[in-house]
Amino acid sequence: MSGRVGGAADVCVVGLGPTGRALSHRAIAAGLTVVAVDPRPERLWGPTYSCWIDELPEWVPRSAIASRIERPAVWTSRELRIERPYCVLSKQGLRDAMPLDDATVVAGRARIVQPHRVELADGTEVRAAAVFDTRGQGSPGKRRTASAHGIFVDEDIAAPMVAEGEGLMLDWRAENGAGADEPPSFLYAVPLGDGTVIFEETSLGLRGGMPQHELRRRTLNRLAAHGIRLKGDEPTEAAHYPLDDAPPKAGRGQVIPFGSRGGMMHPITGYCVADSLSQVDKAVAALQGGEDPIEAMWSREARLVYWMRMRGVYGLGRLTTAQSIAMFEAFFTRPPRQQRALLSSHDDYTALGAALFMTVATTYPFHWRYDLVGWTNRNRWVDWDYGRPGADTRGEGATVSPESDIRRHESSLGDF
Ligand SMILES: Cc1cc2nc3c(=O)[nH]c(=O)nc-3n(C[C@H](O)[C@H](O)[C@H](O)COP(=O)(O)OP(=O)(O)OC[C@H]3O[C@@H](n4cnc5c(N)ncnc54)[C@H](O)[C@@H]3O)c2cc1C
């Protein structure tokens, strides 16, 4: 296909991941004409998305939720509970909740993305009053990274660790086989609502991230510690993406980056979907009101929140496992509003400031706070050598081949 797609639309959305699809759908619902571009618009998204239920905007129906966890658990030196319902989203349910029947959907890859014009690889041109760039993120390189290796396990096999309706948000128990002097990681394990539970060893904030083979080894060790042995052919998912893509500068007449491409990736949690969904109507309303959507989404308060969260991820990325446990214990005993301000609120800067200050101030022993704020050990894990895949025999639970069946969701994973 080449030539021009219809006349000029109100909006062109480049990229139909969850955030681009949400934006397209809500722009149509608001009465705008939309052209949406993606190389594979019909493809269901790869990753399993989760969020806090109260983050979801009202227009997202319950059918978008696949699994609900009322009081997720956090293991530090003891078990803590978060009194806040959490959910795993249904990929199909979320997609169905955002129909694009009234949009012009073009299957193609954008080559040139300009403020009012998009050119596809085959020469097709789309013109629009506003262009949103929702093409997702690039490779993290040596930047602060979220890395995870997830294994999908049948729920009856998973039951010794994750019972029905339960979920482990962060499991820092010393069961992953990593030494005290190795980069830290924790387990995230939740039921997906389809008869499986995902066990996902996760590392947040390390520069360059943690490789899949190391994360897998650690996941298997944790499962083995609870008597769970796998066959080795269980499906898996891989995550490896940057946490530090900054919000765009305000200013009319430019391409509007949105979603993970637009600074909405949470620098500490690595989540972006629910926050982006909650910002969609703000962006559309600004557009309709002749205002700058970037300014509407990125108030001073929201930018301050982003800045503070970046301080948080710097701290996170240089801690040892013991320090991480102490820090998370301090954080998860903060009042609910402070926890929310860090985990999800877009612009609650006063509560976030209090959360960060009090987390540092109540982390013991005292001298660990120097690492948290970066006075000592700033580059603790930089260029850490994780060895080669399969070369490490420390993982006693590693009964299956580490890399053979990883279903990669990130084309940029490379050696990771
Ligand atoms: C395994 C894994 C688990 C995750 N878990 C969570 C979670 O629980 N919660 C959460 O919030 N986040 C999670 N994330 C992060 C998640 O990936 C992002 O939050 C989310 O995908 C961002 O959505 P997006 O629409 O901004 O970008 P993407 O999902 O990356 O979508 C970008 C879209 O743009 C298209 N595109 C790219 N280039 C072009 C081009 N040139 N022209 C046209 N289209 C193009 C792509 O085909 C794609 O459809 C996870 C990530 C991974 C990998």
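## Shell around the ligand

In this predicted model, α1 gives the most to the shell around the ligand, with 3 residues. The shell holds 32 residues, and the closest to the ligand are Gly15, Gly17, Pro47, Gly136 and Gly259. At least two residues each come from α1 (18-29), β2 (34-38), β3 (50-52), β16 (236-242) and α5 (273-288). Sorted by class, the shell consists of 15 nonpolar, 11 polar and 6 charged residues.

## Domains and the contact between domains 1 and 3

The domain assignment divides the protein chain into domain 1 (9-65 + 90-135 + 248-297), domain 2 (144-243 + 383-413) and domain 3 (301-373). Between the C-alpha centres of domain 1 and domain 3 the distance is 30 Å. Domain 1 puts 11 residues into the contact, and domain 3 puts in 11 residues.

On the side of domain 1 that touches domain 3, α5 gives the most, with 3 residues. By class, that side of domain 1 has 4 nonpolar, 5 polar and 2 charged residues. α5 is also among the elements that supply at least two residues of the shell around the ligand.

## Overall fold

The protein chain contains 11 helices and 17 strands. Its radius of gyration is 21 Å, close to the 22 Å that the globule rule gives for 416 residues, so the chain is as compact as a globular protein of that length. The C-alpha trace spans about 60 × 45 × 40 Å along its principal axes.

Of the 416 residues in the protein chain, 47% are buried. Among contacts between residues at least 6 apart in sequence, 75% join residues at least 24 apart.

In soluble globular proteins, nonpolar side chains tend to be buried together. The largest nonpolar core here has 105 residues, and those with the most contacts inside it are Val11, Cys12, Val34, Val35, Val37, Phe132 and Ala189. α5 supplies the largest share of this core, 7 residues.

What does valine 34 touch, leaving aside its neighbours within four places in sequence? Its contacts are Ala9, Asp10, Val11, Val13, Ser24, Ala27, Ile28 and Ala103. Val11 is itself one of the core residues with the most contacts.

Leucine 100 sits in the loop between α2 (91-96) and β8 (104-107). With 17 other C-beta atoms within 10 Å, leucine 100 is partly exposed, because a residue needs 20 or more to be buried. Not counting residues up to four places away in sequence, leucine 100 touches Arg21, Ser24, His25, Ala36 and Val105. Ser24 is also in contact with valine 34. Isoleucine 256 is 156 residues from leucine 100 along the chain, and their C-alpha atoms are separated by 20 Å.

Glutamine 114 belongs to the loop between β9 (110-113) and β10 (117-120). It counts as partly exposed, with 13 C-beta neighbours inside 10 Å. Apart from residues up to four places away in sequence, glutamine 114 touches Val131 and Val255. Glutamine 114 and leucine 215, which are 101 residues apart in sequence, lie 39 Å apart from C-alpha to C-alpha.

## Backbone exceptions

Most residues other than glycine have a negative phi, and most peptide bonds are trans. Tyrosine 364 and proline 365 are joined by a cis peptide bond, with omega about 0°. Proline 365 is placed in the loop between α10 (349-361) and α11 (368-373).

Asparagine 377 and aspartate 383 both lie in the segment after α11. Phi of asparagine 377 is near 55°, a positive value in a residue other than glycine, and aspartate 383 has a positive phi of about 60° although it is not a glycine. Are asparagine 377 and aspartate 383 partly exposed or exposed? Asparagine 377 has 15 C-beta neighbours inside 10 Å and counts as partly exposed. Aspartate 383 has 8 other C-beta atoms within 10 Å and is exposed, because the limit for an exposed residue is 12 or fewer.

How values were computed
Residues numbered from 1 in each chain as written. Predicted model: local features only at pLDDT ≥ 70, side-chain atom pairs only at ≥ 80, totals over all residues. Helix = DSSP H or I, 4+ residues; strand = E, 2+ residues; numbered from the N terminus. Contact = placed C-beta atoms within 7 Å. Near = placed C-beta within 6 Å. Nonpolar A, V, L, I, M, F, W, Y, C, P; charged D, E, K, R; others polar. Domains from an automatic or database assignment. Rg over C-alpha atoms; globule rule 2.2 N^0.38 Å. Core = buried A, V, L, I, M, F, W, Y, C linked by C-beta atoms within 7 Å.
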